[in-house]
Amino acid sequence: GWNVGFTKKKIESSGFIGHKAKENIAESVCIGSINRGSGNIVILTDNPVYRGFWKQGGFLLSNAIFILN
């Protein structure tokens with residue numbers, strides 16, 4: 001697979017996050033891709049269109065679904 005996006009060892013966060021969760025998040029995959037057969041599986045650890053928080057989330061999701069190699 002491919003790690004397209006990942007977190008750093010020391011992450012900056014806004015809002016509440018527990019200290020144990022923050023330790024587990026360090027250096028983890030946020031966006032990834034796995035080749036399976038003639039297709040790809042795209043891994044997104046969060047919903048990019050949740051409440052329209054990220055304006056560009058729709059583009060990210062549509063690229064993950066519709067872009068063909």
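A residue is called buried when its relative accessible area is under 20%, exposed when that area is over 50%, and partly exposed in between, with a 1.4 Å probe and protein chains only. In this predicted model, buried residues make up 10% of the 69 residues in the protein chain. The accessible surface, from the Shrake-Rupley method with a 1.4 Å probe, comes to about 6,200 Å², of which carbon and sulfur atoms hold 58%.

The model is predicted, so that local features need pLDDT of at least 70 and side-chain atom pairs count only at pLDDT 80 or more, while totals for chains, interfaces and linings use all residues. Residues are numbered from 1 along each chain as its sequence is written, and side-chain values use heavy atoms, without hydrogens and water.

Helices (H or I, at least four residues) and strands (E, at least two) are DSSP runs numbered from the N terminus; the protein chain has two helices and three strands, in the order β-α-β-β-α. The average pLDDT, the predictor's confidence in each residue from 0 to 100, is 78, and 86% of the residues score at least 70.

Strands pair if DSSP finds at least two bridges between them; β2 (residues 29-36) and β3 run antiparallel and are joined by six bridges. Within this pairing, I31 has L44 in β3 as its bridge partner, and in the hairpin, with two residues between the strands, G37 takes a positive phi near 60°.
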